[in-house]
Amino acid sequence: MSEPLTGLYLIVGAALFALGLYGLIASAHILRKIIALNVMANGVFLVFVATAARVSADAPDPVPHAMVLTGIVVAVCATGLALVLADRVRATPPGTDDGEHGRWT
Amino acid sequence: MDVSAEQLIALLILLPLLAAAAAFLWPRLGGGITLFATVVLLAAALHLAAQVLQSGTITHRVGGWDAPLGIHLRADGLAAFMLVVFTVVALPVSYYARGYFSLRAHTGASPSHFFWPLWLFLLASLNAMALSADIFNLYVTLELMGLAAVALVALAGDAPALKAAMRYLLVSLAGSLFFLMGVALLYAAYATVDLTLLAERIAPEPVAWTALALMTGGLMAKGALFPLHFWLPPAHAGAPAPVSAALSALVVKGAFYILLRLWFEAFGGVTTALAAQLLGVLGTAAILWGSVQALVQVRLKLLIAYSTVAQLGYLFLLFPLTAGAAGAATVWTGTMVFLLSHATAKAAMFLAAGNLLLTAGHDRIKELGGAAHTLPVSVFAIGLAGISLVGLPPSSGFIGKWLLLGASLEQGQWWWAIVILAGSLLAAAYLMRVLIPAFTRDPEFKPVVHVPRGMEWTAFALALLSLTLGFFATWPADLIAVGAAASTGAGGGAMNAEAALLLAILLSSFVTGVLIFTLPEASHRLRTGLNLLGAGSKLVFVALLVRGVYAGREYAVSWTMAPGVEFALGADANSVLFVTLSTILWLFTTLYAIGYLEDSPHRSRFFGFFSMCVSATIGLALAANLVTFLIFYELLTLATFPLVVHRGTPATMRAGKVYMAYTLGGGATLLLAVAWLQSIAGPIAFTEGGALEHVVASHPAELRLVFALFVLGLGVKAALVPLHGWLPQAMVAPAPVSALLHAVAVVKAGAFGIVRLVYDVYGAETAQSLGVLAPLAWLAGFTIVYGSVRALFQDELKKRLAYSTISQVSYIVLGVAIFGPLASIGGIVHMVHQGLMKSTLFFGAGNYAETLGIHRVSEMNGVGRRLPWTTVAFTVAALGMIGVPPLAGYISKSYLQQGALAAGADWVVLVLGASSLLNAAYFLPILFRAWFLPAPRQWPAERRFGRWETHWMLLLPPLFTAALVLYAGLLADSSFSPLAWAKLIAAREYGQ
């Protein structure tokens, strides 16, 4: 892998991260927010993967790969929890809200 | 059993994980498993801390693998400290949670069996976080902590809680991703995630700065630093009490801990002063915004949650204050003590709030009166925790803030000092809102459930821990120094017979108070017995002390509370005078109060605080340095407030608020003055002739300003005009309290403080050379005349006496402010004389009110014939106040007069003359009415007490004190009189 290509991965990773952040803040729907978080996460993972090429193109550094794998596991768990929570929020009657909880953002 | 340190490290992470699995598999045993695990964890954390202290940083390579592939776990001082904080809070919270969830099960609320595994999981992630030595591991633990915390918040299961959990989850995940992005950038640039290696390789360049910004931002969201705190209050609002406690006390601290690791370890050479200042500014915003929000909350849990937002701000002052190398160790210690203090106090407060919520079925602050009366221990816990949160001495919160305050002044970053003080005052304001319902009644209240005693005492124990840790704040300093550059020394005082006597004097009333609090309302005889035993034994101890000091023995005891903060008691001539006065008057006032409050409600509470109040006064008298004086000065405020509002009516609550506003403001000013002075001159012990010679020449202007601050702070209690506004209002308190406030404790404390300030801090010579005495004398002179004039126009007897106090106490200040031994003698001796005379007058006023229902001067016609002995005592004291020879007041005034002439301050003679005339003008008409005008046919509300004119317990005290007024005047020249002692003090001060 050549140097410019690594740079491209880095830039795309950062762009995904920024895009996801924008989605997280700007979207009103909870499902969109969860997806936006996953986009952010993928941005970070891309940066990690690009980093692996830093040592040499033939024998990539294994450490970032290990970290990305861990990151993916964490992201899957978190997404699962978020989806379950979102579902519970939807299914639960509003109840007495003292007006202290406000809106999503 | 001998356990190696590496095994301890593994245990701290593995045990909660295994216990979580077990608690998940056997939900019925969850509580027991958790309790067992947290006990073991606490023992392990303490053991590890001891080992770290002994043998330095301990590293454990998981599975024997080395970096970069292996994972390192590392226990240095900071990590060990955090582990202790986590586990110390975890144990009581677990114990509380057992009771909490079994109660909730009765009311049909959500089941608890998910709580235990999640809570253990949270503990595992926190412990692992503390021990992690690389940033990727930190990320993993951070994420685990977040997921467990979110699930805990969602436990309540209702819509608001689920929404709050959802919002928390989104913030938490986003924060973690920011952090992870930082990790990726750092690895890309420096090919390592190890904290130590990063610190070696990192360079000040854009990639490092970007990573730092990303990671700090993510952690700010997780740590709820303003403006990213918005998720925290809703998450607390619906969560079960143990979860709120865990969240506020521990989870947010976890994020802060990682921030410390980054800023001071990995990014050590990269951070900039500007960024540090920015974090300080955000911390300031958090303090102000959180406090203001807490002030307007309607619900108790939200108030406490916003208080967390505010208190977290203090932690972030660490960053700007460690920017300079000088004093960084102090700042670290201060922050860590504060962190521990907040963790324990806030957990205590949430647990106690949980008790109130369970009992009342809601947590609307204004309607908690009934629940508060059902749960006095929980309310007391909130009060104690509040002391620590406000940062009042001697709590650990005080030590933390005190060290930060001192450091900020020492480094010239005084703006942080203002922030710290403002935050404290705001905290006092919002915590007052919580305590007010405790003094209002709701007779129709029916508790929803009965909270077991154990849950109440858990909250209490945590609060007490937070309070008393202030005395043992040296170990955090020692611990965090392991593996860091800073090191501090510490030591405690040795115990001997002299020290034991001082402590016995202090504790004889303190222990009495504690015992009385625990007595049931009905055990009247036992309470009376305890009261008299306490007062009597104190009198014996003081007699021993007087004899010892007379024989030239040295009395001192000291204890290092934290590096540079010494708790020191001693007995010099000044202390002995004040101690003796307080002890004698306490005995009489107690006797009087027992008779006065016969058959009224809440006597255990009253006499408990009464004893606390005297303990604080005695501590004030025995304080041997400024910090100790400050501690007792604030304690006095706290102990008197419940006495002022004792009756619980709206009028007394109003007066109580005014009293608190004045005295806490004064306390904060005094705190600032002490901190400032010590930043100039180092720790200051009271020294005859002054302790500032070494800095007078170099800092004259600052010393003048500090003197003014001192007078402002002390002047509130001494009721110097224009700081006197609280005193006439506080007259709503019961008569014995008025006697106590005016003659023994509060006002006297202010005056005594000014005596200490001029003689033993600045020294009369130094104060004179700085030119600060003359303005003080003018202020005192004005107060004397003003108080007398106002007294003239009061028809309410107690108000007239109150204004008379304002005037008379300034005699003391005047005597001190006029340079020269004669005036000093007059001022000092008046401290005793005024106390004797004013307590006699208040006892008399109380007798008129209790026996005949008379509250106004205009109603006093002919009382002399109905209450002859009371009126005789009253007359002696009133004539003494006017200055009729040969009574006590005459002695004071004549020395003041001679002293003023000797010092060339002729205007003082005019002031004294005018005041005597005015005294006569407002006292003589009372005496005339009492003795010479005919009595009305019927008194407003007469009570009969058989043979005596009034209850014998109400009659004896004024007779005794009046006799002492005579004694002090007639036998002034004997070798054992207040005058003789005052001469001794003045002679030592002026070196004659």
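Axes are lines fitted to C-alpha atoms, for helices over the stretch in contact, and angles run from 0 to 180 degrees between N-to-C directions. The model is predicted, with local features needing pLDDT of at least 70 and side-chain atom pairs counting only at pLDDT 80 or more, while totals for chains, interfaces and linings use all residues. Residues are numbered from 1 along each chain as its sequence is written, and chains are lettered from A and ligands numbered from 1 in the order in which they are written.

**Exercise 1.** Determine how helices α22 and α24 of chain B are oriented to each other, and which residues make their contact.

*Solution.* Helices here are DSSP runs of H or I with at least four residues, numbered from the N terminus. Helix α22(B) covers residues 524-550 and helix α24(B) residues 603-622; their axes lie 11 Å apart, at an angle of about 5°. Angles under 35 degrees count as roughly parallel and over 145 as roughly antiparallel, and α22(B) and α24(B) are therefore roughly parallel. With contact meaning that C-beta atoms, placed from the backbone, lie within 7 Å, α22(B) contributes B:R527, B:N531 and B:G534, and α24(B) contributes B:R603, B:S604, B:F607 and B:S611. If Ala, Val, Leu, Ile, Met, Phe, Trp, Tyr, Cys and Pro count as nonpolar, Asp, Glu, Lys and Arg as charged, and the others, Gly among them, as polar, this contact has 1 nonpolar, 4 polar and 2 charged residues.

**Exercise 2.** Work out how α24(B) packs on α25(B).

*Solution.* The axes of α24(B) and α25(B), the latter spanning residues 626-644, come within 8 Å and cross at roughly 160°, which makes the two helices roughly antiparallel. Residues of α24(B) including B:F606, B:F609 and B:F610 meet residues of α25(B), among them B:F629, B:F632 and B:Y633. By class, the contact of α24(B) with α25(B) divides into 15 nonpolar, 3 polar and 1 charged.

**Exercise 3.** Describe the span and burial of α26(B).

*Solution.* Helix α26(B), residues 650-681, has 32 residues and reaches 46 Å from its first C-alpha to its last, close to the 46 Å expected at 1.5 Å a residue. Of these 32 residues, 23 are buried, a residue being buried if 20 or more other C-beta atoms lie within 10 Å of its own. After α26(B) comes B:G682, whose phi is positive, near 80°.

**Exercise 4.** Characterise the side of chain B that touches chain A.

*Solution.* In chain B, 29 residues are in contact with 34 residues of chain A. Helix α6(B) gives the most to this side of chain B, with 18 residues, and by class the side has 25 nonpolar, no polar and 4 charged residues.

Technical notes
Two residues are in contact if their C-beta atoms, placed from the backbone, lie within 7 Å. Angles under 35 degrees count as roughly parallel, over 145 as roughly antiparallel, 65 to 115 as roughly perpendicular and the rest as oblique. The expected span of a helix is 1.5 Å times one less than its number of residues. A residue is buried if 20 or more other C-beta atoms lie within 10 Å of its own, exposed if 12 or fewer, and partly exposed in between; C-beta atoms are placed from the backbone.
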